[in-house]
Amino acid sequence: MELRMTTTFPSISISTDRLVLRAFEEADIPAFVEMMNDELVVAWTSVPHPYTPRDAEDWVRRIAPAERTEGRGIVFAVTEFLTQRLVGIVHLHSTNWRTRATEVAYVTAPWARGEGYATESVLAVAQWLFGDRGFERLELRTAADNTASQQVAQKIGCISEGVLRNAWIARSQTETGAWTDIRTDLIVWSLLPEDLDADQMAEAGLSTYADWS
């Protein structure tokens, strides 16, 4: 029997107890601009700075949809279930369809930090990837000093595999308010289907989310 390999993710939304992960919409643009201009986002990502409404429009209308339609991955806007406000992003990218492996990146809005939203949303995406799409590996990379991102990796059960030395350019703000590039190491983490053991998640205080459509 011929095996037909899927090379794009479906256009879906994923729901958890508190969140809805969906495609970006035009209405998200103002909040998205504010989120991407946050100091921590500027420091740890490679987004343009300052991040303008035109940048956000290009992301929502062209860049994010193309990630899915061109087979590279999929971008989710993370929104609160009750308020529908934008609280973050989960972005699957660098997808290898033959090995069923992909890399995840995530950002949490400054007004939503401390709520566990990054852990909840990334865990939900991982469960969908492994349970519904048959993936075998989820990888993420965190800057050596980005402890908040590393905590998310640990909470969802990722295993640290090693360090890529001097592999990333972060940004640091000077006394004058300007931003300067600094080189940093990257820690490589991975999550496999067997790492999402239900008992382990219960011990970590995590629930199982299986609502996608």
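1. Basis of the values. The model is predicted, with local features needing pLDDT of at least 70 and side-chain atom pairs counting only at pLDDT 80 or more, whereas totals for chains, interfaces and linings use all residues. Residues are numbered from 1 along each chain as its sequence is written, and side-chain values use heavy atoms, with hydrogens and water left out.

2. Salt bridges in total. The count comes to 15 salt bridges, where a salt bridge is a side-chain nitrogen of Lys or Arg within 4 Å of a carboxyl oxygen of Asp or Glu.

3. A pair within one helix. Arg-62 forms a salt bridge with Asp-58, and the closest N and O atoms are 2.8 Å apart. Both residues belong to helix H3 (residues 53–69), where they are four residues apart and so separated by about one helical turn; helices here are DSSP runs of H or I with at least four residues, strands are runs of E with at least two, and both are numbered from the N terminus. An α-helix has 3.6 residues a turn, so residues three or four places apart point the same way. Asp-58 is partly exposed at 28% relative accessibility, given that buried means under 20% relative accessible area, exposed over 50%, and partly exposed in between (1.4 Å probe, protein chains only).

4. A pair between strands S6 and S5. Arg-141 and Glu-103 meet through their side chains in a salt bridge of 4.0 Å, N to O. This pair links distant parts of the chain, since Arg-141 lies in strand S6 (residues 137–143) and Glu-103 in strand S5 (residues 101–108), 38 residues apart. Arg-141 is partly exposed at 39%, whereas Glu-103, at 15% relative accessibility, is buried.

5. The side chains of Glu-161 and Arg-137 form a salt bridge of 2.8 Å, N to O. Glu-161 is in strand S7 (residues 159–173) and Arg-137 in strand S6, so the pair ties together parts 24 residues apart in sequence. Glu-161 is partly exposed at 45%, and Arg-137 is partly exposed at 22%. Through shared partners, salt bridges join Glu-103, Arg-137, Glu-139, Arg-141 and Glu-161 into one network.

6. In H1 (residues 29–36), the residues Ile-29, Phe-32, Val-33, Met-35 and Met-36 are buried. Seen down the axis, these buried residues fall within an arc of 165°, so they line one face of the helix; the arc is that of the directions from the helix axis to the C-beta atoms. The face turned away from the buried side carries the exposed residues Pro-30 and Glu-34.
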